[in-house]
Amino acid sequence: MTILGIDTSCDDTSAACIKDNKIISNIVLSQILHSKYGGVIPELAARDHIKNINNIVERAIDGIGFDNIDGIGVTYGPGLVGSLLVGLSFAKALSYVLKIPFYGVNHLEAHLFSLFADQELKIPFITLMVSGGHTELVVVREKGKYELIGTTLDDAAGEAIDKVARMLGFPYPGGPAIQELASSGNPKAIKFPRANVSGYDFSFSGLKTAVLYYLKNKCQLLDDDSKLPDIAASFQEAVCDVLVDKVLKASEEFKISRIGVVGGVAANLRLREKFNHTGVEVYFPKLEFCTDNAAMVALCAQFYFDKNENSPHTLKVNPRANFKTGITN
Ligand code: KG4
Ligand code: ZN
């Protein structure tokens with residue numbers, strides 16, 4: 001059973017093949033053209049997907065061949081409308097020509113499936129999904145059935161990280177730069193605020209603004225590079241503290257001690273370290289499966305393939321799809 005996965009939800013063009021749930025290929029082309037703008041420019045992203053998708057899919061099926069593909073999984077949302085349209089249209093056309101089913105995959109559910117890319121994980125578990133656009137806390141009692149218990153009230157964790165990185169003069173996406181800078185800084189140097197939101201929701205815009213005011217009030221800091229590692233480390237520590245605390249609270253109250261952390265921010269080494277010191281049973285995907293990739297889309301599609309729940313060719317993109325709008329198309 002071979003599934004081709006395609007993800008063009010944001011600024012990465014990706015295609016992957018899985019055979020009997022094992023990843024055979026996972027090609028990701030990250031669009032570096034956005035870095036100089038400090039964020040993703042939707043129109044440029046869509047155009048770049050159009051330019052690259054043929055080649056990326058061909059590389060993903062190299063040695064496999066179109067004739068040996070049994071189904072296609074493709075992200076239909078959430079994401080940028082123009083970017084999503086490229087992947088979905090491509091997948092529909094391919095499914096039509098090859099006469100094989102296709103599966104519209106929710107990008108958030110795909111991130112959740114990245115946990116199964118290279119490890120066994122027993123259900124139930126709690127998932128913390130931390131990406132550039134989402135910060136969600138989800139109880140997973142069954143694959144395909146999710147209980148959203150918390151979300152961000154403003155900026156996503158990754159969004160705040162990208163914005164702070166920009167303030168410090170680093171290109172988009174800022175996560176890796178913040179992590180690198182923080183590795184030589186003191187996380188206790190500056191006491192940035194940890195938002196105390198009730199329940200399981202998150203808020204990161206206050207923290208982001210605190211960094212902005214810190215920089216404004218001490219504007220000479222930007223001329224003095226030696227202070228940047230302490231700022232990055234203190235900021236990163238605040239983000240990680242908030243994420244870890246909320247997850248531990250949920251773990252205790254829901255009496256579920258298995259935790260899965262997914263999404264681009266799950267690549268953060270300090271976050272991994274902090275979770276590993278909590279004593280809960282925590283699972284992270286390999287780094288290559290944290291940031292956007294099509295292998296996780298193919299894994300999710302395989303689940304719906306096995307249930308015989310393919311999508312109609314009339315399926316539309318849904319840029320705002322989330323855990324509330326329902327996970328399947
Ligand atoms: O999941 P993802 O690739 O795309 C979305 O679906 O949004 O996540 C991208 C986010 C960006 O905000 C990026 O800065 C962040 O993940 N990120 C990191 C790291 N690597 C990527 N944040 C912190 N530390 C990292 N090492
Ligand atoms: Zn993503």
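Biologist: Which residues are the closest to ligand 1, and how many surround it?
Modeller: In this predicted model, ligand 1 is surrounded by 20 residues, and the closest are Gly132, Asp162, Gly175, Gln179 and Asp292.

Biologist: Which atom of ligand 1 does the side chain of Asn268 approach?
Modeller: A polar side-chain atom of Asn268 lies 3.0 Å from a nitrogen atom of ligand 1.

Biologist: Turning to the metal, what are the protein donors of the zinc ion (ligand 2)?
Modeller: The zinc ion (ligand 2) has His107 (NE2), His111 (NE2) and Asp292 (OD) as its protein donors, at 2.0 to 2.1 Å.

Biologist: What spacing do the donors follow along the chain?
Modeller: The spacing is H-x3-H-x180-D. His111 belongs to helix 3 (residues 107-113), while Asp292 sits in the loop between strand 10 (281-283) and helix 9 (295-306), so the pair links parts of the chain 181 residues apart.

Biologist: Are His111 and Asp292 buried or exposed?
Modeller: His111 is buried, at 1% relative accessibility. Asp292 is buried because its relative accessible area of 15% falls under the 20% limit.

Biologist: What is the geometry of the zinc site?
Modeller: The site of the zinc ion (ligand 2) is irregular, with angles of 95 to 138 degrees among its four donor atoms.

Biologist: Where do Phe113 and Phe303 lie?
Modeller: Phe113 is in helix 3 and Phe303 in helix 9, so the pair ties together parts 190 residues apart in sequence. Both residues are buried.

Biologist: What kind of pair do Phe303 and Tyr304 form?
Modeller: Phe303 and Tyr304 form an edge-to-face pair, 4.9 Å centre to centre with 75 degrees between the planes. Tyr304 is buried as well.

Biologist: Which residues form the aromatic cluster?
Modeller: One cluster comprises Phe113, Phe116, Phe125, Phe303 and Tyr304. Lys143 lies over the face of Phe116, 4.3 Å from the ring centre.

Notes:
Residues numbered from 1 in each chain as written. Chains lettered and ligands numbered in written order. Predicted model: local features only at pLDDT ≥ 70, side-chain atom pairs only at ≥ 80, totals over all residues. Heavy atoms only, no water. Donors = N, O, S within 2.8 Å, 3.2 Å for Na, K, Ca; no water. Tetrahedral: all angles 85-135°; square planar, octahedral: opposite > 155°, others 65-115°. Helix = DSSP H or I, 4+ residues; strand = E, 2+ residues; numbered from the N terminus. Buried < 20%, exposed > 50% of the residue type's maximum accessible area, 1.4 Å probe, protein only. Phe/Tyr/Trp six-rings, centres within 6.5 Å; stacked < 30°, edge-to-face > 60°. Lys NZ or Arg CZ within 6 Å of the ring centre and 35° of its normal. Near = heavy atom within 4 Å. Polar contact = N/O pair within 3.5 Å; in protein donor to acceptor, adjacent residues only side chain to side chain.
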